[in-house]
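Welcome, and thanks for taking a look at this model with me. Please open the sequence and the structure side by side, and we will walk through them together.

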Amino acid sequence: MAYSFDFSSLLDYTPVLVDGVVTTIGLTAVSTVLGVALGIGGAAARTSTVKPLAVVVGAYVELIRNTPFLVQLFFIFFGLPSLGIRLAEWQAAVLAMVVNLGAYSTEIIRAGIDATPKGQIEAGASLGMTGPQIFRYVVLGPAMGKIWPALTSQIVIVMLGSSVCSQIAAEELSFAANFIQSRNFRPFEVYFLATALYLALAVALRWVLSLIGGRMFAKGVSRA
Amino acid sequence: MLEFTLWDILSNLLLAARWTVLLSLIAFVSGGVAGLLLLLARVSPLPPLRVAAKLFIEVFQGTPLLMQLFIVFFALPLIGIETSAWTAAAVGLTLFTAAYLAEIWRGCVEAVPKGQWEASASLAMTFAEQMRHVILPQALRIAVPPTVGFSVQVVKGTAVTSIIGFVEVTKAGTMITNATFQPFLVYGLVGLIYFALCYPLSLSAKALERKLNVAR
């Protein structure tokens, strides 16, 4: 018996899909801003001269990078309530994404900071700049420009990874797809469409981030 | 009510971790073979092959692993292949691994100086001979550290297969949590098991990279 495809039955569920896409975009936007901010702080701590701070951040980075995002998410959503920290689905999803992206971007931004020529830091010091001033005005900008392509890839990976947030009932795109296929019994069609939407989101996200990178770090962005 | 000791929980998780390891190995080996074929297509002199390989890689790198697994899970029966969570997980992860490895290796092939292609072409070597005797041996050397590094992503990717019902360590963790009501402990242990699997791989990738940089 040949299978006949039926994509038309998906039309009734357009609002559900739109909601899902919007939630995925929202989750990604919030966790990108917070995650990259955490990464900048983490990279500053990792390269700081305060040894204990650098060690703690190093442990955080390795712990997150060597465990699956799904397990981090379950630990936050199901595990933390034992400590009295109860989070809504979307809060747990954002927290997990921020913690995850924070670790990766710490490592990526640190690589950019390490690539700063020593002479520039000395030049800043000779102008009487303090450590934080040097970091803010001399080191950070060019470092972000250098690593922007790598950071872009990581943000796309986090956006795609957010699909597993459906497992804690955060109502994003995968959750919408699961919901629809449980109603119309057309799993292949639904997941095919959801996958196509993710692909479009990934392409769009890359484009937006390259625009932002070009605007913010115009002088430093390497043409990789 | 039944009481569960820490050892009960840990031993069951470790037993389930066997399937995580086995699935990782299958995905990495078969993904490596498929990735090599994909790489050959990606750098081949035939434009249609190149475009097809590029499209395959872009699609798999631009969509979530979870969606890839769902599609494999629901698409294989449509072409008459009976699917279990095992086959869907193995096929899905293989395709995912192949796409990423092919892209990593393409970078390594492109790092081989252009003169090497021209020199071997001027010796009248065919594409297959060029790859076999000139390009791949040189690309292989720089390909080892990132390939080992990517194996961490494969091990972590197996966690997602728990969602399509493959019982590995994450799924076992969920099942044990449902019985013991100790999510903090159980998911903490699950995380540590993944860390024990992945951290040595990360460290060796870093060590290999350092060694390569010294040699150059």
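Let us begin with Thr170(B), which sits in helix H7 of chain B; helices (H or I, at least four residues) and strands (E, at least two) are DSSP runs, numbered from the N terminus. Before going further, please note that this is a predicted model, in which local features need pLDDT of at least 70 and side-chain atom pairs count only at pLDDT 80 or more, while totals for chains, interfaces and linings use all residues. Residues are numbered from 1 along each chain as its sequence is written, chains are lettered from A and ligands numbered from 1 in the order in which they are written, and side-chain values use heavy atoms, with hydrogens and water left out.

Is Thr170(B) buried or exposed? Thr170(B) counts as buried because its relative accessibility is 0%; buried means under 20% relative accessible area, exposed over 50%, and partly exposed in between (1.4 Å probe, protein chains only). Its side chain makes a polar contact with the side chain of Tyr194(B), at 2.7 Å. A polar contact here is a pair of N or O atoms within 3.5 Å; within protein, one must be able to donate a hydrogen and the other to accept it, and residues adjacent in sequence count only if both atoms are side-chain atoms.

Leaving aside neighbours within four places in sequence, Thr170(B) is in contact (heavy atoms within 4.5 Å) with residues of both chains: Leu70(A), Val71(A) and Phe74(A), along with Ala159(B), Ser162(B), Val190(B) and Tyr194(B).

Helix H7 of chain B covers residues 169–180. The expected span of a helix is 1.5 Å times one less than its number of residues. For the 12 residues of H7(B) this gives 16 Å, and the end C-alpha atoms are 16 Å apart, so the two values agree.

Which residues of H7(B) are buried? They are Val169(B), Thr170(B), Ala172(B), Gly173(B), Ile176(B), Thr177(B) and Thr180(B). These residues lie on the same side of H7(B) because they cover an arc of only 155 degrees around the axis, the arc being that of the directions from the helix axis to the C-beta atoms. An α-helix has 3.6 residues a turn, so residues three or four places apart point the same way.

Both ends of the helix have something to show. Following H7(B) comes Phe181(B), with a positive phi near 55 degrees.

**Chain A as a whole**

Chain A has eight helices and zero strands, and along its principal axes the C-alpha trace spans about 75 × 45 × 30 Å. Of its 224 residues, 47% are buried. Among the chain A contacts with a separation of 6 or more, 78% join residues 24 or more positions apart.

Ile109(A) belongs to helix H4 of chain A, residues 89–114. With a relative accessibility of 0%, Ile109(A) counts as buried. Apart from neighbours within four places in sequence, Ile109(A) touches Val36(A), Gly39(A), Ile40(A), Ala43(A), Met144(A) and Ile147(A). Phe77(A) is 32 residues from Ile109(A) in sequence, and their C-alpha atoms are 28 Å apart.

**Annotated spans**

UniProt positions are given in the numbering used here, feature names are shortened, and annotations may be inferred rather than shown by experiment. An unreviewed UniProt entry lists "transmembrane region" at residues 20–41, 53–78, 147–170 and 190–209 of chain A.

| Span | Helix | Strand | End C-alpha distance |
|---|---|---|---|
| Residues 53–78 of chain A | 88% helix | 0% strand | 29 Å |
| Residues 147–170 of chain A | 62% helix | 0% strand | 31 Å |
| Residues 21–209 of chain A | 81% helix | 0% strand | 18 Å |
| Residues 17–205 of chain B | 81% helix | 0% strand | 22 Å |

**Cysteines**

How many disulfides are there over all chains? The count comes to zero, where a disulfide is a pair of cysteine sulfur atoms within 2.5 Å. The closest cysteine sulfur to that of Cys165(A) is in Cys198(B), 19 Å away, which is too far for a bond. Cys165(A) is buried, at a relative accessible area of 0%, and Cys198(B) is buried, also at 0%.
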